[in-house]
Amino acid sequence: MNIGTSIPLPAYTIDPAFMAKKAEDLGFESIWYAEHPVLPVQSASQFPSGGPIPESYAHFTDPYIALSRASGVTTNIKLGTGITLVPERNPLLLAKEIATLDRFSGGRFPVSYTHLTLPTNREV
């Protein structure tokens, strides 16, 4: 059985390269970083577990830059975003970022995407 880990990465906490290397050293098959390119300043929607959106969600690192750092210090661990919110990104730049990351990581980036967004993302 292959086991991966999914980690939200607020920019002011843990270096994504450190976390990826640690995950690979511990034998994880994959590491997944969260994708939230934009969030509303004010939201009428509740967070899925209740209450307002956690403040740390407004400070997520860009997953593709974080995964690029991760790919530079690892050799085998697969790299991914929990999901890619395509409508919140320029599709041409996104395609180039994904292709570049996959190429320089040696094909370790499996693509996942959605056209669905949370109610809070539609408010942006």
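Asp 62, Arg 89 and Glu 97 are linked in a network of salt bridges. A salt bridge here is a side-chain nitrogen of Lys or Arg within 4 Å of a carboxyl oxygen of Asp or Glu. The model is predicted, so local features need pLDDT of at least 70 and side-chain atom pairs pLDDT 80 or more, while totals for chains, interfaces and linings use all residues. Residues are numbered from 1 along each chain as its sequence is written, and side-chain values use heavy atoms, leaving out hydrogens and water.

Arg 89 and Asp 62 meet through their side chains at 3.1 Å, N to O. This pair links distant parts of the chain, 27 residues apart: Arg 89 sits in the loop between S3 and H3, Asp 62 in the loop between S2 and H2. Helices (H or I, at least four residues) and strands (E, at least two) are DSSP runs, numbered from the N terminus. Arg 89 is buried, at 15% relative accessible area. Asp 62 is partly exposed, at 27%. Buried means under 20% relative accessible area and exposed over 50%, with partly exposed in between (1.4 Å probe, protein chains only).

A search of the whole structure finds five salt bridges. Another one joins the side chains of Glu 29 and Lys 78, at 3.3 Å from N to O. Glu 29 lies in the loop between H1 and S2 and Lys 78 in strand S3 (residues 78–81), so this pair ties together parts that are 49 residues apart in sequence. Glu 29 is partly exposed at 22% relative accessibility. Lys 78 is also partly exposed, at 39%. Lys 21 pairs with Asp 25, and their closest N and O atoms are 3.1 Å apart. Both residues lie in helix H1, four residues apart, which is about one turn of the helix. Lys 21 is partly exposed, at 33%.

The largest nonpolar core has 17 residues. Such a core is a set of buried Ala, Val, Leu, Ile, Met, Phe, Trp, Tyr and Cys residues joined through side-chain atoms within 4.5 Å. Those with the most contacts inside this core are Ile 7, Ile 31, Tyr 33, Tyr 64, Leu 67, Leu 79 and Phe 109. Two or more residues come from each of helix H1 (16–25), strand S2 (30–33), helix H2 (63–73) and helix H3 (91–104). H2 gives the largest share, four residues.

Tyr 64 shows the packing in detail. Leaving aside residues up to four places away in sequence, Tyr 64 touches Glu 35, Thr 81, Thr 84, Arg 89, Leu 94, Glu 97, Ile 98, Leu 101 and Phe 109. Contact means heavy atoms within 4.5 Å.

Which residues of H3 are buried? They are Leu 94, Ile 98 and Leu 101. Seen down the axis of H3, the buried residues fall within an arc of 70°, so they line one face of the helix. The arc is taken from the directions from the helix axis to the C-beta atoms. These buried residues pack against H2. On the other side of H3, Leu 92, Leu 93, Lys 96, Arg 103 and Phe 104 are exposed.

Last, the ends of H3. Asn 90 caps the N-terminal end, with a side-chain oxygen 2.9 Å from the backbone nitrogen of Leu 92. Just after H3, Gly 106 takes a positive phi of about 75°.

Methods:
Polar contact = N/O pair within 3.5 Å; in protein donor to acceptor, adjacent residues only side chain to side chain.
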